[in-house]
Amino acid sequence: MRRKDREITDIETIRAILDSAKVMHLGMVDTGRPYVVPLNYGYTLSEEGGLCLYFHSALAGRKLEILKEDPSVFCEISVEHGLNGEGSDACVYSYKYASVMGPGRASMLTSAEDKKAALDIIMRCQTGRGGFTYTMDLGKLAVFKVSMSAYSAKMNLPKA
């Protein structure tokens, strides 16, 4: 990371970023070309810093075909806080943000128990609560886990 002054390593700060964002951008490679989709997600973050992201999908479509061909992905999650700076000099402006991003490998969950556990994680992240039921046949839904091999977190704090 070039800007070490913006690097975030504190697990609780990383957790706060992941809790406040609702959308991740999933980057994939489709026959040599980049393809990125925004998705709602859920996550688990261990005290040691291990990060897994979860998302769901239909059982058919471009995203699913790409992931079957190449499960290597890159995930980006960010929270935008707004423009930072004031005056007529454009060089004093920057953008306040916090982000978590990195490479990973997507794997499709197959058992109904694993799918339900992942959907519970997604719903807890998206709504802040649990206790949901699922009336649809989970066999008709693709649910993915992205194991992050490494990730970085970064923040551009507002000027005081």
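1. The structure is a predicted model, in which local features need pLDDT of at least 70, side-chain atom pairs count only at pLDDT 80 or more, and totals for chains, interfaces and linings use all residues. Residues are numbered from 1 along each chain as its sequence is written, and side-chain values use heavy atoms, with hydrogens and water left out.

2. The chain contains 3 helices and 9 strands; these are DSSP runs numbered from the N terminus, with helices (H or I) of at least four residues and strands (E) of at least two. Along the sequence their order is β-α-β-β-β-β-α-β-β-α-β-β. The C-alpha atoms fill a box of roughly 55 × 40 × 30 Å along the principal axes.

3. Of the 160 residues, 40% count as buried, a term that means under 20% relative accessible area, whereas exposed means over 50% and partly exposed lies in between (1.4 Å probe, protein chains only). Among contacts (heavy atoms within 4.5 Å) between residues at least 6 apart in sequence, 68% join residues at least 24 apart.

4. Strand E5 deserves attention. Strand E4 (residues 42-45) is joined to E5 by 4 bridges, and the two run antiparallel; strands are said to pair if DSSP finds at least two bridges between them. Leu-45 stands opposite Leu-51 in E5. E4 and E5 form a hairpin with 5 residues between them, and Gly-49 in the turn has a positive phi of about 100°.

5. E5 also pairs with E8, again in the antiparallel sense, over 6 bridges. Here Leu-53 has Val-146 in E8 as its bridge partner. Because 6 of the 7 residues of E5 are buried, this strand is largely enclosed by the rest of the structure.

6. Which residues form a stacked aromatic pair? The count comes to 1 aromatic pair, under the rule that rings of Phe, Tyr and Trp (its six-membered ring) pair if their centres lie within 6.5 Å, with planes under 30 degrees apart counted as stacked, over 60 as edge-to-face and the rest as tilted. Phe-55 and Phe-144 form this pair, at 5.0 Å centre to centre and 15° between the planes. Phe-55 lies in strand E5 (residues 51-57) and Phe-144 in strand E8 (residues 142-148), so the pair ties together parts that are 89 residues apart in sequence.
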